[in-house]
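These are my notebook entries on one structure. I set down each item in the order in which I looked it up.

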Amino acid sequence: IERTFSILKPDATERNLTGAINAVIEKAGLRIVAQKRIRMTQEQAETFYAVHKERPFFGELVSFMISAPVVVQVLEGDNAIAKYREVMGATDPAKAADGTIRKLYAKSVGENSVHGSDAAETAAQEIAQFFSGNEIV
Ligand code: ATP
Ligand code: MG
């Protein structure tokens, strides 16, 4: 069993897609073991996406992430990290496979509805940035 960190991004919460996306997550066999709706601060968004700080889209990405509430989650299951990446689909919705969250709901490569951790080490870091141990049940 493995845990991954997920964000339902501002374009998803603004269109009232929290339940629809959670249904896809649960249907894929992932369990939502922690969840909260928050308004990210600029500092939190900059820390979270620090790995992308030299990229041309960094400023746009940070302002998008703080533009509306997000839902942060911890997902649990067998191979949760890889499984959730598969369920999310490619970063660019135009390249995402049928049935994936991004194919179904993403608006663009930037406003792409969901985030999921890409490796065990980043998953642990990302979970720790937003949740304390006793919030994960
Ligand atoms: P995430 O890290 O959000 O799960 P990802 O791993 O599929 O997505 P990354 O390459 O890590 O994609 O990019 C992080 C985020 O930065 C993307 O999800 C997207 O919101 C944004 N992003 C990536 N590429 C672009 C781009 N070319 N233009 C605008 N925004 C982008
Ligand atoms: Mg990424």
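This is a predicted model: local features need pLDDT of at least 70, side-chain atom pairs count only at pLDDT 80 or more; totals for chains, interfaces and linings use all residues.

**Entry 1. Surroundings of ligand 1.** I first asked which residues come nearest to ligand 1. There are 13 residues around the ligand, and Lys9, Thr91, Gly110, Asn112 and His115 come nearest. I then looked up distances from ligand oxygen atoms to N or O atoms of side chains. For His115 I found 2.8 Å, for Lys9 2.9 Å, and for Arg102 3.2 Å. Taken on its own, ligand 1 has 580 Å² of accessible area, of which the protein covers 80%.

Entry 2. I consulted the UniProt record, where an unreviewed entry lists His115 under "active site". In the model, His115 belongs to strand E4, residues 114-116. Is His115 buried or exposed? It counts as buried, because its relative accessibility is 11%, and the limit for that class is under 20%. Beyond its sequence neighbours within four places, His115 is in contact with Phe5, Ser6, Ile7, Lys9, Phe48, Tyr49, Tyr84, Met88, Arg102 and Glu126.

**Entry 3. The largest nonpolar core.** I looked up which members of the largest nonpolar core touch the most other members. The core has 21 residues, and those members are Phe5, Ile7, Met40, Met65, Val72, Phe130 and Phe131. Two or more residues come from each of strand E1 (2-8), strand E2 (31-38), helix H3 (42-48), helix H4 (58-65), strand E3 (70-77) and helix H7 (120-130). H4 contributes the most, with 5 residues. A second, separate core holds 15 residues, including Ala12, Ile21, Leu75 and Met88.

**Entry 4. Phe5 and Phe48.** Phe48 is placed in helix H3 and is buried, at 8% relative accessibility. With residues up to four places away left out, Phe48 touches Phe5, Ile7, His115, Glu126, Gln129 and Phe130. Phe48 and His115 are 67 residues apart in sequence, and their C-alpha atoms are 11 Å apart in space.

**Entry 5. Ser117.** Ser117 lies in the loop between E4 and H7. Why does Ser117 count as buried? Its relative accessible area is 0%, and the cut-off for buried is under 20%. The Ser117 side chain makes a polar contact of 2.7 Å with the side chain of Glu126. Outside four places in sequence, Ser117 is in contact with Thr4, Phe5, Ile81, Arg85, Thr122, Ala123 and Glu126.

**Entry 6. Met88.** I returned to Met88, which is one of the residues in the second core. It is found in helix H5, residues 80-88, and is buried with a relative accessible area of 0%. Not counting residues up to four places away, Met88 touches Thr100, Ile101, Arg102, Val114, His115 and Gly116. I also recorded a C-alpha separation of 23 Å between Met88 and Val137, 49 residues apart along the chain.

**Entry 7. Ala90.** Ala90 is in the loop between H5 and helix H6 (101-105). At 30% relative accessibility, Ala90 counts as partly exposed. Its contacts beyond four places in sequence are Lys95, Ala96 and Arg102.

**Entry 8. Glu76.** Last, I looked up Glu76 in strand E3. Glu76 counts as buried at 18% relative accessibility, as the class takes values under 20%. Its side chain is joined to that of Arg3 by a polar contact of 2.8 Å. With residues up to four places away set aside, Glu76 touches Ile1, Glu2, Arg3, Gly29, Leu30, Arg31 and Val33.

Note on methods. Residues are numbered from 1 along each chain as its sequence is written. Chains are lettered from A and ligands numbered from 1 in the order in which they are written. Side-chain values use heavy atoms; hydrogens and water are left out. A nonpolar core is a set of buried Ala, Val, Leu, Ile, Met, Phe, Trp, Tyr and Cys residues joined through side-chain atoms within 4.5 Å. Buried means under 20% relative accessible area, exposed over 50%, partly exposed in between (1.4 Å probe, protein chains only). Helices (H or I, at least four residues) and strands (E, at least two) are DSSP runs, numbered from the N terminus. A residue is near a molecule or strand if one of its heavy atoms lies within 4 Å of it. A polar contact is a pair of N or O atoms within 3.5 Å; within protein, one must be able to donate a hydrogen and the other to accept it, and residues adjacent in sequence count only if both atoms are side-chain atoms. Accessible areas come from the Shrake-Rupley method with a 1.4 Å probe; for residues, only the protein chains shown count as cover. Contact means heavy atoms within 4.5 Å. UniProt positions are given in the numbering used here, feature names are shortened, and annotations may be inferred rather than shown by experiment.
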